[in-house]
Amino acid sequence: MTEVPDFLLKRSKDRRAALSGAAPTAEPSASKEVAKTVTSSAAPALAAEVAPPPPPKPDPAYVVAAKSRKKIPFWAMATLSLLPVWAFLYLLAVSPVVREESGPMATGAEVYGACASCHGANGQGGAGRVLHEGEVLKTFPNIEDMLNFVYTGSQPFVAAGLAVYGDADREGGGHAPLSYNGNAMPAQGEKWGGGLTDYEVLGVVCHERYAIGGADPKSEQWASEYATWCSPESEIFAALQAGAVDYDTLAESFAMLEVPPRAVGTEARPSTK
Ligand code: HEC
């Protein structure tokens, strides 16, 4: 700390050298001479000759250090101060969404997206038949027959030589396969090359009956069917989902239910009465 900085030593040495040039023998009185040349207004010419203007005073080391140190740019400070907020939002975004809804209706709502292109988002029809306003319920008063038809699609009915699918005594007339502009209902079940599992077929059929078709789950007519097949507590849906039963075996496995299910089956067949 008591060390004389280099630049001061150098300055005094320079000064001395300059003075010795002007007055080689005046070395010992150099400081006096300097004082004189700098302060004396009586000899400005000499001062200009003898003492060149002092070099600009260099910054002290600590100022140099402060100036040359890498600093965090001001905009980065703002960004950095937002980091905790960002981290919080990130965690919120990546944590999986807990789906509260599950069961047949939730499954069906999702699966129906694949049917909507032909049947319309609300079952109003299109390339496929009209399903809403009770229409699909007239064709299939029993859910088992609808499950069977959606599983197989139109072609197996044609191949089996069946004149109608669904209720032949349907109000407005029974529906013959390929009678809707000649278009076929594509098979959905695995056995016929469809892309849906058995429980997904049940889910989408529940959606078409209860969300689109007009069946009221609370009504006397539909409450029992809804509870057995389409409610979140449906044991049949759970068993299909677990792979414990399929459309060929569920009638037998659930024969003990209060309202036992009819056979669904995976082959085209006439509707049950
Ligand atoms: C490529 C178009 C197309 C797609 C996709 C389609 N359907 Fe169909 N659907 C039809 C046609 C056409 C008919 C009439 C079949 C016939 O006349 O043989 C039909 C008939 C039906 C019927 C009988 C309606 C009645 O009252 O006669 C139901 C139920 C049905 N489809 C359900 C579904 C479900 C569930 C899906 C989705 C998993 C689906 N459809 C996807 C074209 C389609």
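This is a predicted model: local features need pLDDT of at least 70, side-chain atom pairs count only at pLDDT 80 or more; totals for chains, interfaces and linings use all residues.
Leu178 counts as partly exposed, because 14 C-beta neighbours lie inside 10 Å, where buried requires 20 or more other C-beta atoms within 10 Å of a residue's own, exposed means 12 or fewer, partly exposed lies in between, and C-beta atoms are placed from the backbone. Its phi is near 65°, a positive value in a residue other than glycine, and Leu178 is found in the loop between helix H11 (155-159) and H12; helices here are DSSP runs of H or I with at least four residues, strands are runs of E with at least two, and both are numbered from the N terminus.

Residues are numbered from 1 along each chain as its sequence is written.

Glu133 also has a positive phi, of about 50°, although it is not a glycine, and its place is in the loop between H8 and H9. Glu133 is partly exposed, with 14 other C-beta atoms within 10 Å.

Let me turn to H12. Of its 15 residues, 14 are buried, so that the helix is mostly covered. Just after H12, Gly214 takes a positive phi of about 110°.

How do H7 and H12 pack, and at what angle? Helix H7 (residues 104-111) meets helix H12 (residues 198-212) at about 90°, with axes 7 Å apart, the axes being lines fitted to C-alpha atoms over the stretch in contact, and angles running from 0 to 180 degrees between N-to-C directions. That makes H7 roughly perpendicular to H12, a label for angles of 65 to 115 degrees, whereas those under 35 count as roughly parallel, those over 145 as roughly antiparallel and the rest as oblique.

Finally, the ligand: 27 residues surround it, and the closest are Cys115, Cys118, Gly128, Thr139 and Asn183, a residue being near if its C-beta atom, placed from the backbone, lies within 6 Å of the molecule. Helix H8 (116-119), helix H9 (135-139), helix H10 (143-152) and H12 each supply at least two residues of this shell.
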